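Trainee: I would like to learn to read a model feature by feature. Where do we begin?

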Amino acid sequence: MAPTSDLEGCADAHQRMAEVLDRLVADGADPIAASALPGWTVGHVLTHLARQADGVRAMAEGAAAGEERPMYASAEARDADIDAGAGRPLAELVDDVTTAAVALDAAWAALDETAWGGDGLTLRGPFPLRVMPSFRWREVEVHLTDLGLPQFTPADWSPAYVAWDTEARRATLVGRGDTIPPEVEAADAWQRLAWLLGRPVDGLPEPLPF
């Protein structure tokens, strides 16, 4: 069965991402500026978002053909593609990201129920395709904040995303025996999720490993 709510959430995230990236171009953001991710520039983050969309689309197109296709050829190939694309002009980076997102949404829309029951191959091995829209949704919301720019911060995450991923991360942490401090539970919803995702939040304890 198609994961309808996750597909809708991801499509909405793609639309908001396009709007944010248009503002980056209008504001003249610097693609070689450091992002919030160690060792990565803004261009690295944008290239990753584009290539991740391409990889998930390959999995979807494989499922439509009754095949388990890989998301990436290898971890080394993924990293090399990101490094190779990171230094492009901002307008080219933004066009790449938005075009890849549109193509991914179209690939998902073309899948039938049989294809949604298939798997793709991530770097960790076979993975159910029906789970990928939720992971892509997370990638878009979180990596937009990783750009480290004022145009999009964790406070701008969609409420639907915050609700879904908070429960997902809470279940993961509790399942591995971690305890969520009461001050985290009492924080604003987006602050709580940022902490659950391993992001430092002012006024909260050091986050647990993601």
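This is a predicted model: local features need pLDDT of at least 70, side-chain atom pairs count only at pLDDT 80 or more; totals for chains, interfaces and linings use all residues.

Trainee: Which residues of H9 are buried?

Mentor: Gln-191, Arg-192, Leu-193, Ala-194, Trp-195 and Leu-196. Buried here means under 20% relative accessible area.

Trainee: What do the buried residues of H9 pack against?

Mentor: They pack against H7 and helix H8 (182–185). Look just after H9 as well: Gly-198 takes a positive phi of about 85 degrees there.

Trainee: How should I think about buried nonpolar side chains in general?

Mentor: In soluble globular proteins, nonpolar side chains tend to be buried together. Now the case here. The largest nonpolar core has 55 residues. Leu-21, Trp-108 and Trp-157 touch the most other members.

Trainee: Which helices supply at least two residues of this core?

Mentor: Helix H1 (4–27), H2, helix H4 (90–109), helix H5 (113–116), H6, helix H7 (159–175) and H9. The largest share comes from H2, with 10 residues.

Trainee: Take Leu-21. What is Leu-21 in contact with, leaving aside its neighbours within four places in sequence?

Mentor: Leu-46, Val-94, Val-97, Thr-98, Leu-144 and Leu-147.

Trainee: Let me step back to the whole fold. How many helices and strands are in the protein?

Mentor: There are 9 helices and 2 strands. Along the sequence the pattern reads α-α-α-α-α-β-β-α-α-α-α. The radius of gyration is 17 Å, close to the 17 Å from the globule rule for 210 residues, so the protein is as compact as a globular protein of that length.

Trainee: What does the C-alpha trace span along the principal axes?

Mentor: About 50 × 40 × 30 Å. Buried residues make up 48% of the 210 residues.

Trainee: How do the lining residues of the largest pocket divide by class?

Mentor: Into 12 nonpolar, 4 polar and 8 charged.

Trainee: And how much space lies in the second largest pocket?

Mentor: About 230 Å³. Its lining has 17 residues. Thr-145, Pro-154, Ala-194, Arg-199 and Pro-200 lie nearest its centre. Ala-194 is also one of the buried residues of H9.

Trainee: Which helix gives the most to the lining of the second largest pocket?

Mentor: H9, with 3 residues. H6 and H9 each supply at least two. By class, this lining has 10 nonpolar, 4 polar and 3 charged residues.

Trainee: How do I read single positions on a helix?

Mentor: Start with the geometry. An α-helix has 3.6 residues a turn, so residues three or four places apart point the same way. Then check accessibility and contacts, one residue at a time. Ile-82 lies in helix H3.

Trainee: Is Ile-82 buried or exposed?

Mentor: Ile-82 counts as buried because its relative accessibility is 2%, and the cut-off is under 20%. Beyond its neighbours within four places in sequence, Ile-82 is in contact with Trp-40, His-44, Thr-47 and His-48. Of these, His-44, Thr-47 and His-48 fall within the 42–64 range of H2.

Terms used: Residues are numbered from 1 along each chain as its sequence is written. Side-chain values use heavy atoms; hydrogens and water are left out. Helices (H or I, at least four residues) and strands (E, at least two) are DSSP runs, numbered from the N terminus. Ala, Val, Leu, Ile, Met, Phe, Trp, Tyr, Cys and Pro count as nonpolar, Asp, Glu, Lys and Arg as charged, and the others, Gly among them, as polar. On a 1 Å grid over the protein atoms alone, a cavity is a set of points where a 1.4 Å probe fits but cannot get out, and a pocket is an open set with protein on both sides within 12 Å along at least five of seven lines; lining residues have an atom within 4 Å of a point. Grid points are joined across faces, edges and corners, and a volume is the space filled by probe spheres set on the points. A nonpolar core is a set of buried Ala, Val, Leu, Ile, Met, Phe, Trp, Tyr and Cys residues joined through side-chain atoms within 4.5 Å. Buried means under 20% relative accessible area, exposed over 50%, partly exposed in between (1.4 Å probe, protein chains only). Contact means heavy atoms within 4.5 Å. The radius of gyration is taken over C-alpha atoms; the globule rule is 2.2 Å times the number of residues to the power 0.38.
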